[in-house]
Amino acid sequence: MTNEAKQVSRTGLDAMFQPDSVAVIGATERAGTVGRTVLENLRHPSFQGKLYAVNSRHSEVCGLKAYRSISEVPERIDLAVVATPATSVPGIIGECVNAGAKSAVVISAGFRESGAEGVELERQIQEQLHRGTMRLIGPNCLGIMNPTVGLNATFAKDAPRPGNVAFLSQSGALLTAILDWGQLEHVGFSAIVSTGSMLDVGWGDLIYHFGDDPNTQSILLYMESVGDARSFLSAAREVALRKPVIVIKAGRSEAASRAAASHTGALTGSDEVLDAAFRRSGVLRVNAIADLFYMAEVLSKQPRPKGPRLTILTNAGGPAVLATDALVANSGQLAVPPEETLQALDGFLPRHWSHNNPIDILGDADSERYAKALEIASTDPNSDGLLVILAPQGMTDPAAVAERLKPYAKSSGKPVLTSWMGGASVASGEAILNASGIPTFPFPDTAARAFTYMWRYTYNLRGIYETPTLAEGDELNPHSRRQAEEIIETARSQGRVLLNEFESKQVLSHYGIPTVETRIARSEDQAVLGAHDLGYPVVLKIFSETITQKTDVGGVKLNLEDEASVRSAFQAIKSSVAKIAGPEHFSGVTVQPMVRLEGYELILGSSIDSQFGPVILFGSGGPLVEVYRDHALALPPLNTTLAQRMMEQTRIFAAFKGVRGRRQIDVPALAGLVVRFGQLVVEQP
């Protein structure tokens with residue numbers, strides 16, 4: 001690649017991953033050191049670039065002329081690999097910038113992960129980077145590899161074979177284990193990247209780079225922290241439309257999150273918010289390391305399903321039951337065959353076949369029976385994908401069945417997955433299937449889980465295609481927007497961080513979100529007057545600029561039928577608040593009509609995430625909202641499709657279709673309300 005071509009790379013990483021010249025700073029002859037190992041790896045004949053050793057104490061290292069500093073190297077370096085003590089790194093990076101080096105990988109450890117002194121060293125490195133355009137990976141990393149050009153700028157023992165998977169990891173140790181596994185399983189890589197602390201080059205840069213890389217078909221990430229969330233989301237959202245971005249994120253539990261933070265020295269963030277971000281950007285999240293590679297293979301070989309319904313074809317009942325359990329547990333569905341499909345299967349299957357899905361064609365099934373059953377099942381309009389299970393039995397030839405399945409690799413437009421269970425007896429059949437582009441799995445539950453991941457990936461991508469717009473209806477009046485701003489500005493000018501209930505409802509109404517008519521009453525008499533105006537029965541709630549959880553202080557009284565009950569409720573709320581929180585927190589009550597509508601109590605709220613910014617929450621409401629925890633999150637701005645997708649993540653959504661005699665909810669109208677709330681959150685931070 002020419003230098004001119006490298007200059008136009010949008011991330012500036014071409015010189016790093018396809019360097020014509022590399023300098024190892026800290027190169028040494030001492031056996032067992034990082035500097036020696038990196039130098040030896042780069043001297044492999046597969047790498048054709050120029051290699052320079054930099055060592056301030058020696059004139060020669062391992063037969064190579066050594067230079068005292070990078071400034072003495074006779075040409076401008078594409079990639080500098082730094083393996084020196086942490087305290088020396090800021091100065092070395094400054095020398096690299098001065099020498100015009102295009103990129104650097106800092107393998108050295110002892111930075112933010114080690115405490116305040118390490119944080120200061122990173123600040124000094126960034127100060128040097130800001131003086132030029134050099135890009136940097138690390139510090140505290142294993143290094144990088146590009147097998148397609150023979151580049152191994154790491155201290156790992158073995159280099160992988162070339163392939164089409166870019167694997168990016170915040171754990172260097174995990175990378176070395178994956179490299180060892182890849183050698184055993186003959187898995188190839190287009191790149192291996194140990195990101196380290198991501199002081200400069202982050203996930204977004206790498207996703208963009210490998211999104212543009214013609215040698216990369218899938219991008220796999222082991223992630224402990226997001227880093228620059230905006231960059232990650234922008235890159236993933238664009239690249240996921242062209243090639244899969246598959247992530248395993250460590251730190252789901254609180255304990256694991258603490259461990260990840262101590263490992264990388266970075267905040268891991270809310271896992272629920274991260275899930276919402278992944279869905280929004282088209283990223284596929286998996287929960288096991290093996291699934292990273294399974295999904296890279298499956299998505300490269302088979303078409304994505306158009307829905308969650310799977311047909312299972314098997315010669316054994318037990319494995320099919322396990323597959324069904326895994327399918328349903330991961331939000332997939334068992335396809336329901338129509339009558340014409342069942343009749344077609346009845347036409348040639350033995351009398352005792354299962355007559356349903358899973359389609360159990362019995363233990364004596366031969367290759368002809370498998371092929372006929374698959375041909376019929378593949379045309380079922382109620383099915384979105386097929387899983388074929390074979391358990392080795394005396395009458396079944398695994399290789400012969402595999403041969404008959406080859407034509408269905410892509411002919412149906414639906415994904416076909418297989419599980420040839422066993423070992424040596426099914427190996428030849430597995431080889432035939434893999435060579436024909438039909439993925440094989442050792443166990444059927446793993447295959448079923450892979451199908452659900454495929455569907456989740458399709459589902460996530462669909463959300464990208466629609467550009468966020470406002471809900472249908474009238475455009476927001478600029479005057480209404482300004483009125484909402486004034487309410488918030490007034491509260492801030494008073495040093496408040498909370499709006500009271502009345503102000504909150506005013507802001508909502510200015511954004512076209514309907515609210516219950518509300519009167520403020522600072523005395524008993526005002527409460528009675530408000531109740532008369534609104535009409536009985538009414539509700540009294542505490543009016544306070546400091547209390548948000550009204551029921552916790554006895555601040556809600558429902559179904560008040562007359563003046564006496566209103567007066568009694570006013571005094572009860574006042575007394576309860578004074579006792580529990582203090583009299584200074586009582587500013588009166590709000591009076592509202594008692595709404596007698598049969599429906600569902602929902603919660604719609606927002607918060608600010610430290611990494612992703614505004615987050616919308618939707619779910620089941622009521623006083624036990626923290627107990628039921630039936631909610632979903634999304635990142636605004638939203639359109640009606642994205643709003644409905646968020647609602648679909650909750651259990652309460654199933655009730656919106658009408659249950660136990662209740663009428664169906666107007667879901668589009670509810671989605672429109674959520675969209676307007678999202679607009680409010682974005683415009684009034």
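I worked from a predicted model, in which local features need pLDDT of at least 70 and side-chain atom pairs count only at pLDDT 80 or more, while totals for chains, interfaces and linings use all residues. Residues are numbered from 1 along each chain as its sequence is written, and side-chain values use heavy atoms, with hydrogens and water left out.

Entry 1. I looked up helix α23 (residues 640-648) and helix α24 (residues 667-683), which pack at about 105 degrees with their axes 8 Å apart; helices here are DSSP runs of H or I, at least four residues, numbered from the N terminus, and axes are lines fitted to C-alpha atoms over the stretch in contact, with angles from 0 to 180 degrees between N-to-C directions. That makes α23 roughly perpendicular to α24 (65 to 115 degrees). For contacts (heavy atoms within 4.5 Å), I noted that T640, A643, Q644, M646 and M647 in α23 meet V667, L670, A671, G672, V674 and V675 in α24. These residues divide into 8 nonpolar, 3 polar and no charged, where Ala, Val, Leu, Ile, Met, Phe, Trp, Tyr, Cys and Pro count as nonpolar, Asp, Glu, Lys and Arg as charged, and the others, Gly among them, as polar.

Entry 2. I then turned to helix α18 (residues 478-493) and helix α19 (residues 501-510), packed at about 160 degrees with their axes 8 Å apart, which makes α18 roughly antiparallel to α19 (over 145 degrees). In this pair, S480, Q483, A484, I487 and I488 of α18 meet E503, Q506, V507 and H510 of α19, and the contact residues divide into 4 nonpolar, 4 polar and 1 charged.

Methods
Helix = DSSP H or I, 4+ residues; strand = E, 2+ residues; numbered from the N terminus. Parallel < 35°, antiparallel > 145°, perpendicular 65-115°, else oblique.
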